[in-house]
Amino acid sequence: MRTRFRWLAALAAFSLLAGACADGDETDEATTDTTEAEDDSTETTEATDDEADADFEGLLFETDQCGAEDYTGNFERIEAVDAQTVTFSLCNPDVAFPSKVAFSAFGIFPEEYIEETGGGLQLSEEPIGTGPYQLEEWDRGNELVLSRYDDYWGDAAKSETVVFRWSAEAAQRLVELQSGSVDGIDNVGTEDFETVRGDDNLQLLERDPLNVFYVGFNVDIAPFDNEQVRQAVAMAIDKERLVDNFYPAGSQAAEQFLPDAIPGAVEGFEGTTYDPEGARALLAEAGFPDGFDVDLSLRDVVRGYLPNPVPVATDIQAQLAEVGIRVNVDVQESGTFIDNANAGTLPFYLLGWGADYPDATNFLDFHFGVGASPQFGAGFEDIQALLSEAASLTDQDARDELYAEAAELIDEHAPMVPVAHGGSAVAFKADADGANVSPLSNENMSVIGIEGQDTLVWLQNAEPIGLYCADETDGESLRACEQINESLLAYEVGGVEVIPALAEDFESNDDLTEWTFTLREGVSFHDGSTLDANDVVKSYQVQWDAADPAHVGRVGDFTYFSALFGGFLNPPPAEE
């Protein structure tokens, strides 16, 4: 089956792709030991393509663990067939595979650089990519400076320099834009939409609310290991009040985790309703007639899903006090908070999610599926089974039936309370040609230019945490990474359609378990080396294999790979 880029547009409206890492029928037990970091899984194979460089030796990384009880991942094999061709073999079908590999967490680095650095902090602080911009300087706490890469394979960036700055205060961001000290800002304040609309010197670009803000629990930590306690908290939160008081126009109270525009969202779904009297009764039944004391953790960083973090936390604090839950608002530094959430050490917290690609797998599998982020605890097998089955199907109607069942179970088990789908916007100077806003929050700076200016200054909510985005999950880091590193595929500027990037073409077999990508010729990395298929294999291998010496990153979580592709090879032993 020939699968080209136009094939994506033929899927259901606004559903680029569907499916993810699913558990399929069990196969024979694995016969090759892949548990050691020094195993022989990485081999070389001679190129077979007549057009390939005769001296090229392609990397091959594979496992025979598909179907094994202790292997939850969906990757079976990655092979550099020749210098310009790489093939991924999967354990189970994944129609969303192109949409996933377009995501910035799967940017490609030079194989030699990964080997040289060992995949550690140097990749995070000194990334080498193929993008239109390269890292010039990172003045921690002040600014991130990117310079145009003159040997870029595509259209040259319009601005010679892009400077990323940050401010947590929406009002301050707008003041700087109005004064001309910056050229664009993220997340216009809730009260400032009309101000920007009424200013002829500015332009407002609104995002579709493809996000969800939620109150999260680790269901393995008391008292939230009690399902009735979690359900009581859900009943005690007045979502409409929060949206009415703290969100801009275009936002809505959330009945379910999936935003309405994401395929798989259940039409007319009614989740747990606001009922403080019922919450008090449920707490008493759970053994907490006098409530309890708890920390509510968050970071004071504006997001489209949470435009007013501390005021929202304070309001939730007051609402929960009405049912006897005494909350201490615990504001943590942004990077520390994200690391703690990803590690599953926060019992009770405020967090959210914005679409990386517009499919249910991106929201549901990442948070509730096999290999999901540990932020909610060990997870629920009944939810995981439904999501695994849905992820393996290509029929959207059949998937929707399973997602409807999953929505009911998520509401019942209450690993989190979905609160809001938030509207948001960016603003630019009126003369910023090419200004764009993305529903995926991956604004492309290379297409923006202002006549008479060599430098474009962008002011966002927070400083990037790291620039090796295989090991990051925050939006500020991902947006910066997207200017420097590129993936095999990409998303169109300001949209959600998958388009060519480092791969100029791809195809799959009939059952969507083998995906072959043809790389673009003549692409160079910022260090002058030439892109080939071995760079792709190595960039994925170090994420896939948790025993690889380069599987370290900034903290070593590699959360996206595990959540989107089912799990790691050689996963570390579970903590007691």
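Reader: Which helix gives the largest share of the negative patch?

Author: This is a predicted model, where local features need pLDDT of at least 70, side-chain atom pairs count only at pLDDT 80 or more, and totals for chains, interfaces and linings use all residues. Residues are numbered from 1 along each chain as its sequence is written, and side-chain values use heavy atoms, without hydrogens and water. The surface patch gathers E389, D395, D397, E401 and E405 (over 30% relative accessible area, no salt bridge, like charges joined within 9 Å; a salt bridge puts a Lys or Arg side-chain nitrogen within 4 Å of an Asp or Glu carboxyl oxygen). Its largest share, 3 residues, comes from residues 396–413, a helix (DSSP H or I, at least four residues): α14.

Reader: What is the handedness of the disulfide of C66 and C91?

Author: The sulfur atoms of C66 and C91 are 1.8 Å apart, and a disulfide needs them within 2.5 Å. C66 is buried at 9%, whereas C91 is partly exposed at 22%. The S-S torsion is about -70°, so this disulfide is left-handed.

Reader: What is the handedness of the disulfide of C469 and C481?

Author: The sulfur atoms of C469 and C481 lie 2.1 Å apart. C469 is buried at 3%, and C481 is buried at 3%. The torsion is about 80°, so the disulfide is right-handed.

How values were computed. Patches are made of residues with over 30% relative accessible area and no salt bridge: like charges are joined within 9 Å, nonpolar side chains (Val, Leu, Ile, Met, Phe, Trp, Tyr) within 5 Å. Accessible areas come from the Shrake-Rupley method with a 1.4 Å probe; for residues, only the protein chains shown count as cover. Lys and Arg count as positive and Asp and Glu as negative; His and the chain ends are not counted. The place of a charge is taken as NZ of Lys, CZ of Arg, CG of Asp or CD of Glu. Helices (H or I, at least four residues) and strands (E, at least two) are DSSP runs, numbered from the N terminus. Buried means under 20% relative accessible area, exposed over 50%, partly exposed in between (1.4 Å probe, protein chains only).
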